[in-house]
Amino acid sequence: MNPLPRRRFLQAAATFAAAAALAPRLPLASAAQDAEKKPDPALKPKPKRTLKKAVGLGMVGEGATVLEKFQLLKDLGFEGVEVDRPDEALPLAELKQAQEKTGIRVHGVVDSVHWSLPLNSRDAGVRKKGVDGLVAALDDAAALGAVSVLLVPAVVNGDLPYDEAYARSQEAIREVLPHAAQVKVKIAVENVWNGFLLSPLEAARYVDELKSEWAAFHFDVGNVVTYGRPEQWIRILGKRIAKLHIKDYSNKKRDEQGRWKGFEVELGEGDAGYAAVMAALDEVGFSTAPGGNWATAEVGGGDRKRLAQIAGQMDRLFSL
């Protein structure tokens with residue numbers, strides 16, 4: 001072999017080896033530079049949440065008057081309450097006065113007769129009284145400045161079939177919707193353990209078929225845990241959701257102690273999966289609405305200490 005070509009060959013080989021040794025460093029440097037340019041998705045800041053905290057008035061176990069109860073809630077950082085109407089034992093004037101003096105808002109009314117006078121009763125007289133009760137609840141809500149009436153639309157059992165419940169309850173609600181539009185208060189159907197509207201797809205269809213901006217859904221997070229995923233309900237119901245009820249549910253307690261015992265768990269310690277719930281609420285825009293939407297705790301209440309605990313639990317859930 002000619003010596004000169006061999007020397008050139010060896011020089012070329014050495015140059016190639018040196019370049020190869022440096023090559024692994026170049027992509028690493030490039031990757032590091034790219035990492036500096038592109039933020040980690042996991043570090044993406046959470047959207048600003050505007051949820052407003054409330055409780056049911058019946059949860060407030062301290063205070064001799066409505067005014068004292070409202071002031072207690074104000075001191076603890078709550079913004080509103082839900083009340084049952086009609087209620088002859090609690091005058092509207094007393095609620096109005098407490099609102100004006102504390103700033104605590106009666107944001108929602110719960111129809112007080114929907115269980116005893118179901119809109120799907122086979123008795124026309126009972127249905128009529130149920131409709132009258134709903135109208136009275138809407139009027140009281142309007143007088144208080146509330147924006148919705150929570151309605152259990154029907155009760156399904158051995159004597160009240162599912163299909164009749166669907167048709168009769170929609171018929172009754174359609175009868176009342178013009179009045180809801182007139183007083184500008186929404187009728188918000190809730191998912192409860194009434195054997196009815198057991199799927200989010202059906203619940204969405206039920207509201208849509210009412211064909212009114214004054215028909216909506218009051219979504220209870222804890223009530224669906226035993227047979228569904230709350231975050232899936234939220235994504236399917238989407239803009240139909242007018243209000244939230246906040247509670248949790250333990251499948252373990254249900255299995256070991258009975259169905260209703262599942263609710264005896266602190267907020268955030270059950271199986272509702274509030275991290276996923278909050279992500280879904282962000283996706284549909286409920287938790288980030290500019291004016292703020294209402295989220296009302298529906299758990300065992302008590303004195304100042306207990307209500308402060310509930311407020312702290314809600315704050316933690318809303319920050320997930």
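A salt bridge, as I use the term today, is a side-chain nitrogen of Lys or Arg within 4 Å of a carboxyl oxygen of Asp or Glu. A search of the whole structure finds 18 of these salt bridges. Before I go through some of them, two remarks on the model. This is a predicted model, in which local features need pLDDT of at least 70 and side-chain atom pairs count only at pLDDT 80 or more, while totals for chains, interfaces and linings use all residues. Residues are numbered from 1 along each chain as its sequence is written, and side-chain values use heavy atoms, with hydrogens and water left out.

I begin with the barrel. Eight strands close into it in the order β1-β2-β3-β4-β5-β6-β7-β8, and the pairing is parallel. From one strand to the next the twist averages 30°. Strands here are DSSP runs of E with at least two residues, and helices are runs of H or I with at least four, numbered from the N terminus. Two strands count as paired if DSSP finds at least two bridges between them. Axes are lines fitted to C-alpha atoms, for helices over the stretch in contact, with angles from 0 to 180 degrees between N-to-C directions.

Where do β1 and β8 meet? Strand β1, residues 52-56, pairs with strand β8, residues 294-297, in the parallel sense over four bridges. There, A54 has T296 in β8 as its bridge partner.

Now to β4, residues 148-151. S148 and L150 point one way from this strand, V149 and L151 point the other way, and all are buried. Buried means under 20% relative accessible area, exposed means over 50%, and partly exposed lies in between, with a 1.4 Å probe and protein chains only. On one side, three bridges join β4 to the parallel strand β3, residues 105-111, and V149 in β4 stands opposite V109. Four bridges join β4 to β5, residues 186-190, also in parallel, with L151 opposite V189 in β5. From β4 the chain crosses through helix α6, residues 162-183, to β5, and this β-α-β crossover is right-handed. Likewise, β3, helix α5 (residues 124-144) and β4 make a right-handed β-α-β unit. Right-handed means that, with the strands pointing away from the viewer, the path from the first strand over the helix to the second runs clockwise.

Further along, α8 lies across β6 (215-220) and β7, running at about 165° to β6. Contact means heavy atoms within 4.5 Å.

Side chains of opposite charge can pair when their charged atoms come close. E209 is partly exposed at 28% relative accessibility, and R205 is partly exposed at 45%.

What does D208 pair with? Its partner is R240, at 2.8 Å between the closest N and O atoms. R240 lies in the loop between α8 (230-237) and β7 (241-246) and D208 in helix α7, so the pair ties together parts 32 residues apart in sequence. Both are partly exposed, R240 at 24% and D208 at 41%.

Lastly, R254 and D255 meet in a salt bridge of 2.9 Å, N to O. R254 is partly exposed at 21%, whereas D255 is exposed at 58%. Elsewhere, salt bridges that share partners join E62, D75 and R304 into one network.
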